[in-house]
Amino acid sequence: MGNTVKQVNNMKLQNTVMQLRKVCSHPFLFDWPLDARTHQPILNEELVNASGKMMVLDRLLCALFERKHKVLLFSQFTTMLDIIEVSHSISPSSFPSLCLCHHTHFCLGLGP
Amino acid sequence: MQTHLSSSRTSQLINTLHAILKPFLLRRLKVDIETSLPPKKEYVLYAPLTVRQREVYDRVVTGGLREYLMGKGSDKAKKENGVEAMDVDAPRKLRSADGGKGGRKGKGKKKRKRYDVDGDDDEYFDRLEKEMVDGSQRRHEEDDVEEIGREYQYKATRESPFVKYIGLSRKVIPVPHG
């Protein structure tokens with residue numbers, strides 16, 4: 001409980017439009033619930049089902065991969081990218097994917 | 001120290017500026033160079049909000065976000081049981097009679113926000129499957145502008161052609177195999 005309070009207090013919630021953008025993407029961008037037993041962020045179908053956007057994306061990706069397309073995903077929210085990466089990796093029909101984001105080392109990202 | 005110029009004067013100035021800069025400035029636009037890619041097509045797809053998103057959204061709009069998030073933290077701490085099993089009925093419970101706000105911090109709102117403006121969804125879907133739905137049936141709500149607006153918004157997202165096309169339902173969508 002103390003952890004959440006600290007977490008919430010650290011969040012600056014003034015910019016309403018930004019908060020609305022976040023909530024429209026995924027509610028986990030505010031608080032990613034932890035698995036009660038392992039205290040790790042939960043990684044299951046709930047990731048996809050918590051957000052309308054993720055469900056639409058899921059559908060789109062299925063349809064696109066079926067048609068042999070390659071897909072490039074952009075987001076300004078790094079947590080959103082994490083969520084997408086995780087939900088993609090745990091899905092049984094996942095295709096190889098590469099994630100270039102804030103974690104990626106600058107040199108690695110630009111290599112030949 | 002801005003002065004307002006007429007538009008013809010403005011465009012004249014701009015043309016003069018371009019003429020002066022032309023020998024010194026090199027500008028390449030993608031349209032000039034990119035020949036191998038097919039033309040870009042942009043589609044805007046609308047995604048509805050889930051119940052959970054809707055809750056947070058409402059809180060952001062009304063301003064009670066911080067309290068709500070704190071409230072969620074204390075609720076979690078009180079849970080004794082182990083893994084929060086995926087409660088498929090959670091959306092149904094949230095739409096139940098008490099409006100789903102009873103358990104939370106409850107900021108004493110005068111008007112309870114209800115999401116079942118068209119009646120019980122689960123009943124509706126059952127009846128739909130059995131083809132017992134009569135399109136002309138409508139529940140009479142209080143003549144509240146807010147309610148009407150929300151009803152419209154709710155129906156629009158639920159019945160939008162795109163949502164129907166991709167077959168999005170309330171139910172959990174399993175990830176297809178193969």
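**View 1. The largest nonpolar core of this predicted model has 16 residues**. Phe28(A), Trp32(A), Met54(A), Met80(A) and Ile83(A) are the ones with the most contacts inside this core. If you're sorting it by element, helix 3 (46–49), helix 4 and helix 5 (78–90) of chain A each give two or more residues. Helix 4 of chain A gives the most, with five residues.

**View 2. A second core sits apart from the one above, with nine residues**. Look for Leu13(A) and Leu20(A) from one chain, plus Val60(B) and Leu65(B) from the other; these four are among its members.

**View 3. Zooming in on Phe28(A) and what it touches**.

**View 4. Lys53(A), a residue of helix 4 (residues 52–66) in chain A**. Lys53(A) counts as partly exposed because its relative accessibility is 43%, between the 20% and 50% cut-offs. Skip the residues up to four places away in sequence, and Lys53(A) touches Cys24(A), Ser25(A), Ala47(B) and Pro48(B). As for Ser25(A), that residue is 28 residues from Lys53(A) in sequence, yet their C-alpha atoms are 6.0 Å apart.

**View 5. Two cysteines of chain A, Cys24(A) and Cys62(A).** Cys24(A) has a relative accessible area of 30%, so it's partly exposed. Cys62(A) is partly exposed too, at 23%.

Note on methods
Residues numbered from 1 in each chain as written. Chains lettered and ligands numbered in written order. Predicted model: local features only at pLDDT ≥ 70, side-chain atom pairs only at ≥ 80, totals over all residues. Heavy atoms only, no water. Helix = DSSP H or I, 4+ residues; strand = E, 2+ residues; numbered from the N terminus. Buried < 20%, exposed > 50% of the residue type's maximum accessible area, 1.4 Å probe, protein only. Contact = heavy atoms within 4.5 Å. Core = buried A, V, L, I, M, F, W, Y, C linked by side-chain atoms within 4.5 Å.
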